Amino acid sequence: MKVFETNHLVTLADLNHHQSLLAPRQAAWHMEAAFNAASETQGTALGIVARNINQMSYTAPGRGGDIVHLFSQVVHVGVHTMTVHTVMKAFNGKQLSESYITFATIEEGTSIKRAHGVVLDEPADEAEANARETAEKFLQFRL
């Protein structure tokens with residue numbers, strides 16, 4: 001599936017008392033990037049709602065002045081759901097955080113499930129195949 005990129009400048013307002021990127025700000029940026037990927041993949045933002053943050057891990061701190069890049073890709077689809085894998089990296093390529101977030105598609109203005117029609121293609125590389133396997137494990141664990 002296509003990889004979508006989102007970028008953010010880490011400003012002083014984004015920092016905690018340790019002068020590193022606030023975890024809640026990272027989480028919000030992950031959610032935004034994942035939502036964008038789900039919307040772009042589906043072709044519309046209408047009727048997409050967050051269902052579950054399956055996993056979010058922080059591996060290194062972001063610092064003020066960093067430009068962070070978030071790379072998001074749909075890695076699992078159900079009839080009414082899409083799971084998006086997002087990786088945040090610093091400008092130097094160091095991974096800062098990673099998430100798997102599941103979205104559901106519903107009829108706009110209701111809570112009635114709606115099929116999205118998205119079909120996964122073949123994984124482009126081993127990293128994508130591994131992300132798909134990880135997403136599947138999270139989803140099996142939930143059941």
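This is a predicted model: local features need pLDDT of at least 70, side-chain atom pairs count only at pLDDT 80 or more; totals for chains, interfaces and linings use all residues.
Once neighbours within four places in sequence are set aside, Gly-64 is in contact with Val-10, Leu-15 and Gln-19. A further relation concerns Ser-20, which is 44 residues away from Gly-64 along the chain. The C-alpha atoms of Gly-64 and Ser-20 are separated by 6.9 Å.

## The loop between strand 1 and helix 1

Gln-19, one of the residues in contact with Gly-64, is placed in the loop between strand 1 (4-9) and helix 1 (23-42). With a relative accessible area of 46%, Gln-19 is partly exposed. The backbone of Gln-19 is also of note: its phi is positive, at about 65 degrees, although the residue is not a glycine. Most residues other than glycine have a negative phi.

Asn-16 also lies in the loop between strand 1 and helix 1. Its relative accessible area is 19%, which is under the 20% limit, so Asn-16 is classed as buried. Leaving out neighbours within four places in sequence, Asn-16 makes contact with Leu-21 and Leu-22.

## Helix 1 and its cover

Helix 1 comprises 20 residues. From its first C-alpha to its last it reaches 28 Å, close to the 28 Å expected at 1.5 Å a residue. Helix 1 is followed by Gly-43, which has a positive phi near 100 degrees.

The buried residues of helix 1 are Gln-26, Trp-29, His-30, Ala-33, Ala-34, Ala-37, Ala-38, Ser-39 and Gln-42. In an α-helix there are 3.6 residues a turn, so residues three or four places apart point the same way. The elements that cover the buried residues of helix 1 include strand 1, strand 2, strand 3, strand 4 and strand 5.

## Aromatic pairs

How many aromatic pairs does a search of the whole structure find? The search finds two. In one of them, the ring centres of Phe-35 and Phe-103 are 6.1 Å apart and the ring planes stand at 65 degrees, so the pair is edge-to-face. This pair links distant parts of the chain, with Phe-35 in helix 1 and Phe-103 in strand 5, 68 residues apart. Phe-35 is partly exposed, with a relative accessible area of 27%, whereas Phe-103 counts as buried at 1% relative accessibility.

The rings of Tyr-100 and Phe-138 have centres 5.3 Å apart and planes at 50 degrees, so this pair is tilted. Here too, distant parts of the chain are linked: Tyr-100 belongs to strand 5 and Phe-138 to helix 2 (residues 126-142), 38 residues apart. Tyr-100 counts as buried, at 3% relative accessibility, while Phe-138, at 24%, counts as partly exposed.

## A nonpolar surface patch

Leu-9, Ile-67 and Phe-91 make a nonpolar surface patch of about 330 Å². Phe-91 is found in the loop between strand 4 (81-89) and strand 5 (95-105). The relative accessible area of Phe-91 is 68%, over the 50% limit, and the residue is therefore exposed.

Conventions
Residues are numbered from 1 along each chain as its sequence is written. Side-chain values use heavy atoms; hydrogens and water are left out. Contact means heavy atoms within 4.5 Å. Helices (H or I, at least four residues) and strands (E, at least two) are DSSP runs, numbered from the N terminus. Buried means under 20% relative accessible area, exposed over 50%, partly exposed in between (1.4 Å probe, protein chains only). Patches are made of residues with over 30% relative accessible area and no salt bridge: like charges are joined within 9 Å, nonpolar side chains (Val, Leu, Ile, Met, Phe, Trp, Tyr) within 5 Å. Accessible areas come from the Shrake-Rupley method with a 1.4 Å probe; for residues, only the protein chains shown count as cover. A salt bridge is a side-chain nitrogen of Lys or Arg within 4 Å of a carboxyl oxygen of Asp or Glu. Rings of Phe, Tyr and Trp (its six-membered ring) pair if their centres lie within 6.5 Å; planes under 30 degrees apart count as stacked, over 60 as edge-to-face and the rest as tilted. The expected span of a helix is 1.5 Å times one less than its number of residues.
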